Amino acid sequence: MYEVSDGKTGYRMNTLHESRSRRYAWILIALAILLLLLLAVRAAGSSIEAAPEASTTTSTTDGPGTTTTVPGAAIDNPTSTSTPPPVESEERAPVAAAPMSTTTTTITSAVKPVSGTISTTTVPETTTTVPETTTTVPETTTTTVPETTQEPIPTATITVSLVTADSAPLAGGSVTVSSGEQAVPIGATDDTGTVTTDVVAGRYLVTIEYDGSTASESIEVVDQAVRVEFVTGRLQVTFSGQASVGRQPYTEPRDLLPGTYELSFFDDERPVRTADVIVEAGSEQHVTGIYATLSDSRGAGVAHGTLSVLEDGGWSVIGTTDDEGILLRLVEGPTTENLSLQMQAPGGGAATLEQDPAANSFFDFATQAGVASLVDSEGSPLAGGRLSILSNERWHDVGATGASGTVSFEAFPGSYSIAMAYNGTREQRNDVDPFTRNRPFQTGRLTLQFSGTTEWGSDSLQVYDGPEQVLPGSYVVRLSGEGRPAVMDSIDVEAGSDATATGVYVTVLDADGDPVEGAQARLRMSGSPSLGTTDERGVTASLVEGLLSGRKRVEATVNGTTARLRQDIATNSFYDFRTMTGTVEVLSYTGDAVEGVEVLQKTKAWSPIGTTDESGTVRFEVFPGTKRTYRVTHAESTASRAHRFSLERNTLTFQSMLASVAVVDGAGDPIEGLEVLAKHKKWVPAGTTDATGSVTFEIFPGTKRSHRVSINGTTATRNHKFTESKPTVTFQTTTATVSVKDSEGSPLVGVAVDQKAGKWRTVGTTDESGTVVFEAFPTNRRYRVTVGGTTAAKSHKFTAEKDTLAFQTIAATIHLRTRDGQPLPGVEVQQKSNGWVTIGTSDRAGNVTIELFAKKGRAYRATVEEVTKQKSKKFTESNSTLELVFPNSVGQEPEEFDAAEELQEIP
């Protein structure tokens, strides 16, 4: 945009030899003073000699036949008249004085005009006559001052030039040189854009006029040529109507001297509006006139309309319309494309016009008449509702509804967000066309019932003193009473509805009168509406739908306990409850306080009410008479108790006891060093039996728990409920015996007895009695023994009645003979058991006898003279002999061998 500002005129002046000019000025002043003194002395001499009156005029001539007489040295050389003082004689004799006379000297300077005829101006002589007086002059000595010759006063040339912004000369610039109050025109600039004149030293004001514009420059002339240059600026105006610069109509770009100019814009139908523009020296000034109007639906101008221009993607305000709805602004530069302007009506709404100002500089905006209405909950008109319209992110108040319930306004066509305010309430509607018939704004009726103080509102609160007509919305209601803090709630009101509600106020205090926070309140009626939870002040309040009457019951619940009050809700809306302090304490079996135990209470589910402090207690507020179950967990045991708190029974105590697990053997003697496990969701160590065979621990009476003990691969589990009368659970083992005997009942010594408990492990080796003795719980296990390369295994559960497991072998004989029945003594016999193992050498009868278990067959072999015989056999008590039969030739001469038998030999 173009802005009016102070500018500096663009003059250029060249002064030659500035320092020398100052020096010459002082010389000229000194010469002028000396000349005046000489003239004064000369005039005094003429007076004494009674010379006749005389007047002298001094002129200078410049150029042939041309004489210019101007006030010379108007500042430094004024015309002067001097009269010398009387001279006294030595005798001081009186003499008759001659008449006094005055000589006037006029000093002129030659001014050289550029063109034209310069007229001669003669300064008239002036004679001053001094009246005759008789003066007694004492005798004096007369000194005669010799006459001096007056020399011409030097002059200097002033050159004035006028050029355009691009340094082109301009002819026709009228120049005037002023000294003091006298101004002398020196002509106009010629085709070279210059005009010159000669002046004496002094200070001058040079003024130039061109095309209705004027500029001045003050200069000082000493004795050198001075050049003063004036530079114009070019002003170009774009406007589709009529425009003028000053009083001259604007038709084309103009070169103007620097300064501020008034531009006028109008057309045949629109009044004149003006704007100032600053033209600077050497500038190319181009402005576009924007003439905007705002009128209402009746065609009348609308004041205070805000006009904005679209710049850099945003709207920038450039002014407001005047009382006639007109706004004139200048846009800097020519317009090469459409210009977007937006007019904001004072009553709300905005309209945008986009057009080329060069083709049409007049932006005409017009509003349209709209109307809105307000009715009450029954449809009757309501006066006093104020309507506002949202435009450009700002709400504009457009008026109030009258007796007819309507309000009219002016706005630009379009859709708006509009809002109606009434009785401290407000309703907003978005995307509404207010120029068509719309559904009226309608209030609802709000009726509240509360025996205390009721306040209501939205942004601010007002005291409720009866049914209120309010616009649809959600409203805050504040309930309070004398000495009671205020509590907030809200209520929704719909258009045309009758919203009613009753306030209920609940206070819960403890036994000391202090507020109880977190108490839940409920009104016992259809639906059991909640009244909220008490805050840190011990209060809660709520609005219940409808106008309630009669005795209504309210319940309050604190820490799972409940109290009830019934009263007339309409006349007394305040329900006051008092709790008592209940205590749960936790003690160890020694009677010491146990700190850090969480106390739970069961209502519908278990919920914590606190943790015991250093005194082993949890104190909490409860309503008397409510029975609840409480639970504590300590030393990995849990206790639960049902209790009804009252003023007489205000403490519930949980105390642990000392319990133990004992382990004894079959003879009842303690077993030390056994790990005892306890079941807490999973099996965990409870301790190791000491010298007394016991593990001792703390537990709550009545706790039922499983314990487990293992010994020698057998395990026992007992589930026990510990009580004061049954504090110990005892595990007793059985003394188990595994015996291993041969076929004749003799003990087998050194036989390993294995037990399978997950995997096989050895429980002992038979002693000289052929037995292994160990302690075991009645657990079914599998046992095995190995004799003679054979193994026997049995499952057994040791009990007091079945405390022995017996293994007995059978005697097996491997007989070696020839086919004709001859025994083969001294032959080594092998058994296959994880490889071939020698089990003996045949005796004289050809037998090898071994003890073994008759459960599984084995392979046996023997070799005689490179003849090997092998057979497998499962020995039993009834079939305990295996024969290996060799050829008859074994042990005889070769020729006696039977070839058929040789074919049967085992390789």
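**Figure 1. Strands β41 and β46 at the second largest pocket.** Strands β41 (551-558) and β46 (606-611) each contribute at least two residues to the lining of the second largest pocket. The model shown here and in the following views is predicted. The largest share of this lining comes from β46, which gives three residues. The second largest pocket has a volume of about 400 Å³. Its lining comprises 17 residues, of which Gln520, Thr557, Asn559, Gly560 and Thr603 are the closest to the centre of the pocket. By residue type, the lining of the second largest pocket consists of five nonpolar, nine polar and three charged residues.

Figure 2. Strand β38 (residues 520-524) runs antiparallel to β41, and five bridges join the two. Within this pairing, Gln520 faces Thr557 of β41; both residues are among those closest to the centre of the second largest pocket. Strand β41 also pairs with strand β42 (residues 561-568), in the antiparallel sense and over eight bridges. Here Ala556 stands opposite Ala563 in β42. The strands β41 and β42 form a hairpin with two residues between them. In the turn of this hairpin, Asn559 has a positive phi of about 50 degrees. Most residues other than glycine have a negative phi.

Figure 3. Asn423 is not a glycine, yet its phi is positive, at about 55 degrees. This residue is found in the loop between β28 (416-422) and β29 (425-432). Asn423 counts as partly exposed because its relative accessibility is 27%. Glu636 is likewise a residue other than glycine with a positive phi, here near 60 degrees. The loop that holds Glu636 lies between β48 (627-634) and β49 (637-644). With a relative accessible area of 53%, Glu636 is exposed.

**Figure 4. The largest nonpolar core and the surroundings of Leu341.** The largest nonpolar core has 53 residues; those that touch the most other members are Leu307, Leu341, Phe365, Leu387, Phe412, Leu446 and Ile491. Strand β28 gives the most to this core, with four residues. A second, separate core has 41 residues, including Val177, Val199, Val206 and Ile208. When neighbours within four places in sequence are left aside, the contacts of Leu341 include Ile290, Leu307, Trp315, Ile318, Phe363 and Phe365. Leu341 also contacts Ser308, Val309, Ala351, Thr352 and Leu353.

**Figure 5. The hairpin of strands β21 and β22.** Six bridges link strand β21 (residues 339-344) to strand β22 (residues 350-355), and the pairing is antiparallel. Gln342 has Thr352 of β22 as its bridge partner. Five residues lie between the two strands of this hairpin, where Gly348 takes a positive phi near 110 degrees.

**Figure 6. Glu427, a buried residue of strand β29.** Glu427 lies in strand β29. This residue is buried, because its relative accessible area of 12% falls under 20%. Apart from neighbours within four places in sequence, Glu427 is in contact with Ile418, Ala419, Met420, Phe441, Gln442, Leu471 and Pro472. One of these, Leu471, is 44 residues from Glu427 in sequence, while the C-alpha atoms of the two are 6.0 Å apart in space.

**Figure 7. Pro670 in the loop between β51 and β52.** Pro670 lies in the loop that joins β51 (657-664) and β52 (675-680). Its relative accessible area is 43%, so Pro670 is partly exposed. Not counting residues up to four places away in sequence, Pro670 touches Val663, Val664, Ala691, Thr692 and Gly693. Thr689 is 19 residues from Pro670 along the chain, and their C-alpha atoms are separated by 8.7 Å.

**Figure 8. The protein as a whole, as context for the close-up views.** The secondary structure comes to two helices and 71 strands. The protein has 907 residues, and 43% of them count as buried. Among contacts in the protein with a separation of 6 or more, 59% are between residues 24 or more positions apart.

Note on methods
Residues are numbered from 1 along each chain as its sequence is written. This is a predicted model: local features need pLDDT of at least 70, side-chain atom pairs count only at pLDDT 80 or more; totals for chains, interfaces and linings use all residues. Side-chain values use heavy atoms; hydrogens and water are left out. On a 1 Å grid over the protein atoms alone, a cavity is a set of points where a 1.4 Å probe fits but cannot get out, and a pocket is an open set with protein on both sides within 12 Å along at least five of seven lines; lining residues have an atom within 4 Å of a point. Grid points are joined across faces, edges and corners, and a volume is the space filled by probe spheres set on the points. Ala, Val, Leu, Ile, Met, Phe, Trp, Tyr, Cys and Pro count as nonpolar, Asp, Glu, Lys and Arg as charged, and the others, Gly among them, as polar. Two strands pair if DSSP finds at least two bridges between them. Buried means under 20% relative accessible area, exposed over 50%, partly exposed in between (1.4 Å probe, protein chains only). A nonpolar core is a set of buried Ala, Val, Leu, Ile, Met, Phe, Trp, Tyr and Cys residues joined through side-chain atoms within 4.5 Å. Contact means heavy atoms within 4.5 Å.
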